[in-house]
Amino acid sequence: MRSSLFKAIAASALAVMAATSAASAADLAARPYTKAPVIAEPIYNWTGFYIGGNVGYSWGRSSDTSTLTNGAGTVLFTSANRANMDGVIGGGQIGYNWQVQNWVWGLEADIQASDQKGGRDFLCPTAVCTPSAVLLVAPGPAVPVSLDQKLEWFGTVRGRVGVLATPRVLFYATGGLAYGEVRTAETIGAGAFGFSSSTTKAGYTVGAGVEGVIAGNWTAKLEYLYVDLGRVSGSFVTTIPALGGGVLSSNYSSRVTDNIVRVGLNYKFSGPVVAKY
């Protein structure tokens, strides 16, 4: 009797468990399949206008040839040397980019204030600039000449072409027109005679850089430019009393080049697009 009762209870428990399992399986089968949501991630689009500012340092150089001539046009003395024109620069830029797949093409113009300056000194020897044959007495002292130059400002108009290392990091090359104002000052005869003139010259520039998105529409860049403004030339004329009232002309011709490293910050006016990977 007791054995029969246990058998009946076990059979009932097995039946309940089987029914529960079947119900659970039916429940699972009835649930619809839900696909995980696709997460949209922003992809930066480089196409658009931008504006920004920059600051940097320049290692410039002036390769100068100076000649001193007398009133008859005879060359008395020639001096050739070079001087560094170093200083801080800063300014602003504006441009436009076109993005085609992983390539970015662009145009950029900038204008820079400059603190670049340098100079050199030389002596016109006694036997040349103050000979006794002219004075008919003992020769005078050698004539000191000081030539100083300063790049007052400069600008560039350049094309840019770059490739995206990632959607937000651009490596680019750049090149185009460069122009700027070079001021030249000279003193002859221990500072007794001083002259200055300014010349605006045009040349070329080439360089390269890297630019990356830092937040939203803001990008930061590191850039190197080589600038060649060509030759700056001029002349100064003075009367040197030591020559008995004679005329001494100083003619200079300088080739001005520049090596620029600068950092910049740009703001692009059109925002990034949202795409799905």
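Modeller: Secondary-structure elements are DSSP runs numbered from the N terminus, with helices (H or I) of at least four residues and strands (E) of at least two. The model is predicted, so local features need pLDDT of at least 70 and side-chain atom pairs count only at pLDDT 80 or more, while totals for chains, interfaces and linings use all residues. Residues are numbered from 1 along each chain as its sequence is written, and side-chain values use heavy atoms, leaving out hydrogens and water.

Biologist: In which loop does glutamine 101 lie?

Modeller: In the hairpin of S3 and S4, two residues stand between the strands, and glutamine 101 takes a positive phi near 55°. Most residues other than glycine have a negative phi. Glutamine 101 lies in the loop between S3 and strand S4 (103–124).

Biologist: Why does glutamine 101 count as exposed?

Modeller: Relative accessible area, computed with a 1.4 Å probe on protein chains only, classes a residue as buried under 20%, exposed over 50% and partly exposed in between. Glutamine 101 is therefore exposed, because its relative accessible area is 70%.

Biologist: How many bridges join S2 and S3?

Modeller: Two strands pair if DSSP finds at least two bridges between them. In the hairpin of S2 and S3, with four residues between the strands, glycine 73 takes a positive phi near 90°. The sense of S2 and S3 is antiparallel, and the number of bridges is 22.

Biologist: Which residues does threonine 74 touch, not counting those up to four places away in sequence?

Modeller: Threonine 74 is found in the loop between strand S2 (48–70) and strand S3 (75–100). Threonine 74 is partly exposed because its relative accessible area is 43%. With contact meaning heavy atoms within 4.5 Å, and not counting residues up to four places away in sequence, threonine 74 touches Leu68 and Thr69.

Biologist: Which residue is the bridge partner of isoleucine 89 in S4?

Modeller: S3 and S4 run antiparallel and are joined by 13 bridges. In S4, the bridge partner of isoleucine 89 is serine 114.

Biologist: What is the angle between the planes of tyrosine 204 and tyrosine 226?

Modeller: Rings of Phe, Tyr and Trp (its six-membered ring) pair if their centres lie within 6.5 Å, and planes under 30 degrees apart count as stacked, over 60 as edge-to-face and the rest as tilted. A search of the whole structure finds 12 aromatic pairs. Tyrosine 204 and tyrosine 226 form a tilted pair, 6.3 Å centre to centre, with an angle between the planes of 50°.

Biologist: In which strands do tyrosine 204 and tyrosine 226 lie?

Modeller: Tyrosine 204 counts as partly exposed because its relative accessibility is 39%. Tyrosine 226 is likewise partly exposed, because its relative accessible area is 22%. The pair links distant parts of the chain, 22 residues apart, with tyrosine 204 in strand S7 (residues 193–215) and tyrosine 226 in strand S8 (residues 218–240).
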